[in-house]
Amino acid sequence: MASAAIFSSLRRSRSPSLDAFLAPVHLENDVVGLLKTLTTVASDLISSYSDKTPSFQKKNSRSLLRKIDLFLVLLDSVRNSGDWWSDLPSTVVLCFKELYLLLYRSKILLDYCTHSSKLWLLLQNPSISGHFHDLNQEISTLLDVLPVNELSCLINNDVREQIDLLQKQSVRDKLFIDKHDESLRLKFFNLLNEIGTGRIPSFHEFHQFFITELGILDSRACRVEIEFIEEQIVNHEIDLEPSASVLGGFIAMIRYCRFLLFGFEQDEVEIALGNRSSKRGKKRGLISKEIADTFITVPKDFCCPISLDLMIDPVIISTGQTFDRSSISRWIEEGHSSCPKTGQVLVHKKLVPNRALRSLILQWCMAHKIPYTQPENLDVGSDPFPAAPASRAAVEANKATVQLLIQQLENGSDCGKAIAAREIRFLAKTGRENRGFIAESGVIPHLKILLSSQSPIAQENAVTAILNLSIYDKNKTRIMDEDGCLRSIVSVLKSGHTIESKENAAATLFSLSAVHDYKKQIADEEGALSTLAGLLRDGTPRGKKDAVTALYNLSTHTANCAKMIEYGVVNALIEALDYETVAEEAAGALALIVRQPIGAQAVGNEEKAVIGLIGMMRCGTPRGKENAVAALLELCRRGGANTTERVLKAPALAGLIQGLLFTGTKRARRKAASLARVFQRCQYDSLHFNGLRLGLGYGFAGNSTTGTLDSGFPAETVSVSMSMSVSVS
C-alpha cells in the first residue's frame, strides 16, 4: 500500500517522490522516444484507472482522467501528423517533458486513491482534494505556456479547439470538495467525539455509518481499515494529520465496531487457528514471483546484502548498514558479532527501523504493482519514537471493546475465546492506562483458564496477554493473587504447546519477579526453577534470554540460593557463560549467588565457572566484565582457600585485572582493585603485570590501601541491562 509521504511530491514546493525522479533523461535529445513514452504513460493511466473508481474523490478522479485523455488525443494527433513532428520546437519539447512529470504525479495520486482504505481517504478528504486542485493548476500553467500556434501544422482544428476548451476550463476550475464525502467525514469525527464524552453510540448508529453509508460489510474489511491507519501512524509520526492520538481513537472505535457489528466470524477463526501465517508466506512469495514474471530489476539499495531479496522490514545496525530484519536477526542469533557487510565489530545489537527506506520500497512496489506485505511483528522496543498518548475517546472505545471480549471469554466458542484473548493481548501491548482498565475489568481469571487450553493459539494468546498486562505494576499483584494463576503460568513454561508459549511464560515470570516479595513465591512453585534452567540450556536464543533474565531476578532474593543450586540453575548459568547473548546476565546472576557461602561453594566446585568468568573478563561486554570480576572477587572471599587459589592461578588473570583498572567501568575498576588486594592478602607484597610494578594505591581512589577487604558486596556492583519488549508476536 502507498504511504501518505507520496503526497509530498504533489506540491511543487516540496521534494519529489521516487517516481518523480524518473524524468526522461535518456530521452533528452530523442523527441520520437519522448512522444512514444508520453503516449504509453497516458494510455496506461486511462486504461488502468477508468474502471477503478475510488471510494471517495470520484469526481476529482474522473475530471483528471478526462484531462489526461485530451492530452492523449493531442499526442496521438502530433505523432500521426507525418515526419514533421520529429523536429519540434524546443519550447514544445520542454512542455512535453513537463507533461511527463505531471503524468507521473497524476499516476501517484490516482494509485494512492485506489489503494488507500476507505476511512483513510475519508479522513484525508480535504487534503486529497487539495492535491487534485494542485494538479489542475499545473495543467493550467502547462497549457498557458504550450505554444499551440507552433503545433498548428501538426494538429487539426478539432484537436486545437479541445485544447483551447481544456485551457479555459482549467483556469475556471476551483478547489472541489465533495459535500457528501465531507458530511461523512464530519460524521466520523462526531461519532468519535461522542465516545470521548463517555457516550457510546448505539448499534443502529454504527450500523448506519459503517455498513449502510461506507459499505464496510465484514470483519475483514474492518481489519484492513485498522491496519492501513496503523501503517500511516508508523510511517509518519511527526507530519501527520489528524494527529496520532486522534487516529488512535479512530482505530479503537473501528476495533469496537468490528466486534459489535460482525462478532467473531469464520475468517477470524481461521486466522486464530494459524492460517494467517501461511497466507502471509504465500503473499510474500508473490513479490519474488511478480518480479521474475515481469523482469523488473529491483533497485540494489532495496535488496538485503545477506539474502539479496527485496527487503520487507529494513533495519539499521550499529555500523550504519541496512539489512532486512529477518536476515540480520538470524545472523546475530547464529553467534556473529560483526557486520556481515563491512566486517566491523558491532558496538551493540540494537536494530533501528529504517523508516525512510521502507517508505521508498512501499512507493516502488506500488508503482510497479508488486504486492508488499507490511511486517506484522515490528520491534516496538527498538522504535525511537514514543507512542502518542491515548485520547479520551480511544480509552472509552477500548473499554467498550474489552467488555465485548470478556463476554466472548465467558460464553463464546473455543475459537472465539482464542480470538478474544488475542485481541486483549494486542490491546495490552501499549499504554499503562490500557493495561490498568483491562485487568480491572476482570479478565485475568478468564485468561488463567485459557492457559490450560488444548488449543496452541488460545494458550499462546492467553500467556502473552498476561505478560503484557504484567508490565503494569498493579497488575502483578492481581495476577499473583489470582488463585492458581502462577501455577498455570509455570505449567505453560514446562509443557506449553508452542515454544513461543514457553518463552512468553518465562518472560512473564521475569516481569512478576520484579516485585521482591514474589521472588521466593515464584522460586517455590514446583518446576519453575528447573524448567527455567532447562530453557536456558536448550532453548532458542530468545528463550535463553527470557530464562536468564527471569533467573537473574530470582537470584537477587537470598532465600532462593539453595533451591537454585538444588534444581540445577547454577550449572545452567555457568554453561550460559559460553553464549554471548546471555553471558552478561548469567555472570550477573552468579555474582549474586556467590555472595552466600553455599552459593560460592557450589560455583567454586565447578571447574568451568572460573574459566567462563575469566573468558567474560577477556571479551565480554563492559557490564559483563564488571559482573565477571565481581563474581570472581566474591568467590575469593567466600569460596574457601581452594577456590581462591584456583582463581588467583588462572592464566592471564593479572593482565585482565590490569586492563580493567585502566579501561573498565567505575564499578569494574573498584572490583578489580579489591581483587588485586586479595593477591596481597595471599602474601603478594606487590603486583607484577608483565614487568610493570603497580603499588596497591594506584588508581584506587576512595579505597583503603591498608589491605583491608571491603566489608560487603554492594548490590550496585552487579549491573545487568534488562529490557523486555511487550510487543511479543
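**Labels and their grounds**

Author: Three strands make up an open sheet in the order 2-1-3, with antiparallel pairing. The model is a predicted one.

Reader: What makes strand 2 and strand 3 the edges of the sheet?
Author: Strand 2 (322-324) and strand 3 (352-353) each have a single partner strand, so one side of each is without a neighbour in the sheet.

Reader: Why is Phe188 called buried?
Author: The label buried applies under 20% relative accessible area. Phe188 has a relative accessible area of 0%, so Phe188 is buried. Phe188 lies in helix 7. Leaving aside neighbours within four places in sequence, Phe188 is in contact with Leu119, Leu122, Leu123, Phe209, Phe210, Phe250, Met253 and Ile254. The C-alpha atoms of Phe188 and Phe250 are separated by 8.5 Å, and the two residues are 62 residues apart along the chain.

Reader: Which other residues of helix 7 are buried, and what covers them?
Author: Besides Phe188, the buried residues of helix 7 are Asp181, Glu182, Leu184, Arg185, Leu191, Leu192 and Ile195. The cover includes helix 4 (118-123), helix 5 (125-145), helix 8 (203-213), helix 10 (244-262) and helix 14 (392-411).

Reader: How do you know that the span of helix 7 is close to the expected one?
Author: The expected span is 1.5 Å times one less than the number of residues. Helix 7 (residues 179-196) has 18 residues, for which 26 Å is expected, and reaches 26 Å from its first C-alpha to its last. Helix 14, with 20 residues, reaches 29 Å, close to the 28 Å expected.

Reader: What makes Asp178 a cap of helix 7?
Author: A polar contact is a pair of N or O atoms within 3.5 Å. A side-chain oxygen of Asp178 lies 2.9 Å from the backbone nitrogen of His180, and Asp178 caps the N-terminal end of helix 7. Helix 7 is followed by Gly198, whose phi is positive, near 100°.

Reader: Why is helix 14 called mostly covered?
Author: Of the 20 residues in helix 14, 14 are buried.

Reader: Which residues touch the most other members of the largest nonpolar core?
Author: They are Phe188, Phe210, Leu573, Met617 and Leu632, in a core of 186 residues. Helix 3 (residues 90-115) gives the most to this core, with 13 residues. A second, separate core has 18 residues, among them Phe302, Cys304, Ile328 and Leu357.

Reader: What does Leu573 touch?
Author: Not counting residues up to four places away in sequence, Leu573 touches Leu536, Val548, Leu551, Ala586, Ala589, Leu590 and Ile593.

Reader: Why is Ser488 called buried?
Author: The cut-off is under 20%, and Ser488 has a relative accessible area of 14%, so Ser488 is buried. Ser488 is placed in helix 20 (residues 485-495). A polar atom of the Ser488 side chain lies 3.0 Å from the backbone oxygen of Gly484. Ser488 also touches Lys448 and Leu451, not counting residues up to four places away in sequence.

Reader: Gln57 and Asn80 both lie in loops; is each one buried or exposed?
Author: Exposed means over 50% relative accessible area, buried under 20%. Asn80 has 67% relative accessibility, so Asn80 counts as exposed. Asn80 sits in the loop between helix 2 (58-79) and helix 3. Gln57 has 3% relative accessibility, so Gln57 counts as buried. Gln57 is in the loop between helix 1 (31-49) and helix 2, and has a positive phi of about 65° although it is not a glycine.

How values were computed:
Residues numbered from 1 in each chain as written. Predicted model: local features only at pLDDT ≥ 70, side-chain atom pairs only at ≥ 80, totals over all residues. Heavy atoms only, no water. Core = buried A, V, L, I, M, F, W, Y, C linked by side-chain atoms within 4.5 Å. Buried < 20%, exposed > 50% of the residue type's maximum accessible area, 1.4 Å probe, protein only. Helix = DSSP H or I, 4+ residues; strand = E, 2+ residues; numbered from the N terminus. Contact = heavy atoms within 4.5 Å. Polar contact = N/O pair within 3.5 Å; in protein donor to acceptor, adjacent residues only side chain to side chain. Pairing = 2+ DSSP bridges.
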